[in-house]
Amino acid sequence: MTPTEDARLVRLGDALHAAAAADLARAGHGVRRRRLPRRLAAGLVVAAVVIPSAAVAATQLFGADDVARSMPAGTLMLAGTEPKCTVVRDQVEYRCTLTHAPTGEIAPGAFHGTVEATVDAHGIVNGGCRSLDPDGRAWSCYLGQEAVAERIIGPALLGQHSTGPSAG
C-alpha cells in the first residue's frame, strides 16, 4: 500500500469508530467512548477491504475446467463437443481436446487455424482459442491479453458482455 492509501484507511477507521461510538451513545447504552489504537483500527479497515477483494480475485481465477466450459459458451459450433483442457501456462494458456468434433459452420477437415472467442460464466469474453488440426478436435486457448497478442480476438472484444454463443 502507498502512504496515501495508508492515511486514507486510518481516516476511514477513525470515522467508522466514531460513528459506532455515536450510535451506541444515542442508543442509551451509556458506553464511555474508548478510542481504538490507530494500528488496530487501520488493521480492521485493511482486513475489511482485503478479505473481500481476495474473495473476488479468487472468483476471477480460471482453471482448465473453466476454460473447457468457456469454449462452447463462446461459439455455437462447439456446443456438445465436451472439451477437456490442460494447463500449459496457468491463467494464460491451455491445450484443449474435444471429445466430439465440431459441426456446423465450417466444413469437416477445414478447421486448422480457425479462431473462436471464449466466454466466462458471467457472459464476458475472456479470451479465445485456435484450432490446431483439420478436424477441429485440438485447440490452443488463451486468456486475457494473451488472446489479443495471439490475434485470436481484438482488444475491443476482450471484456465485452456476450449475449450468447456466436454463430456464423
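A: In this predicted model, C129 and C141 form a disulfide, with their sulfur atoms 2.0 Å apart. C129 belongs to strand β4 and C141 to strand β5, so the bond ties together parts that are 12 residues apart in sequence. The link of C129 and C141 is right-handed, with 110° about the S-S bond. C129 is buried, at a relative accessible area of 2%, and C141 is buried too, at 1%.

The whole structure holds 2 disulfides. The other bond joins C85 to C96, with an S to S distance of 2.1 Å. Here C85 sits in strand β1 and C96 in strand β2, 11 residues apart, and the pair links distant parts of the chain. This link is also right-handed, with 110° about the S-S bond of C85 and C96. Both of these cysteines, C85 and C96, are buried. When the bonded cysteines are counted along the chain, the pattern of the disulfides is 1-2, 3-4.

Helix α3 spans residues 64–74, and its buried residues are A64, V67, A68, S70, M71 and G74. Viewed down the axis of α3, these buried residues fall within an arc of 160°, so they line one face of the helix. An α-helix has 3.6 residues a turn, so residues three or four places apart point the same way. The cover over the buried residues of α3 includes β1 (83–89), β2 (93–98), β3 (115–119), β4 (125–131) and β5 (138–143). On the face of α3 turned away from its buried side are the exposed residues D65 and R69.

D66 is another residue of helix α3. With a relative accessible area of 27%, D66 is partly exposed. The side chain of D66 makes a polar contact of 2.6 Å with the side chain of R69. The C-alpha atoms of D66 and K84 are separated by 9.9 Å, the two residues being 18 residues apart along the chain.

Strand β4, which holds C129, also contains N126. N126 is buried, with a relative accessible area of 9%. A polar contact of 2.6 Å joins the side chain of N126 to that of T118. Beyond its neighbours within four places in sequence, N126 is in contact with F62, S70, T118, V119, D120, Y142, L143, G144 and L158. One of these partners, S70, is among the buried residues of α3.

Most residues other than glycine have a negative phi. Q91 has a positive phi of about 70° although it is not a glycine. Q91 lies in the loop between β1 and β2, the strands that hold C85 and C96. At 28% relative accessibility, Q91 is partly exposed. R151, also not a glycine, has a positive phi near 60°. R151 is placed in the segment after α4 (145–149). R151 is exposed, with a relative accessible area of 71%.

Notes: Residues numbered from 1 in each chain as written. Predicted model: local features only at pLDDT ≥ 70, side-chain atom pairs only at ≥ 80, totals over all residues. Heavy atoms only, no water. Buried < 20%, exposed > 50% of the residue type's maximum accessible area, 1.4 Å probe, protein only. Helix = DSSP H or I, 4+ residues; strand = E, 2+ residues; numbered from the N terminus. Arc of directions from axis to C-beta. Contact = heavy atoms within 4.5 Å. Polar contact = N/O pair within 3.5 Å; in protein donor to acceptor, adjacent residues only side chain to side chain. Disulfide = S-S within 2.5 Å.
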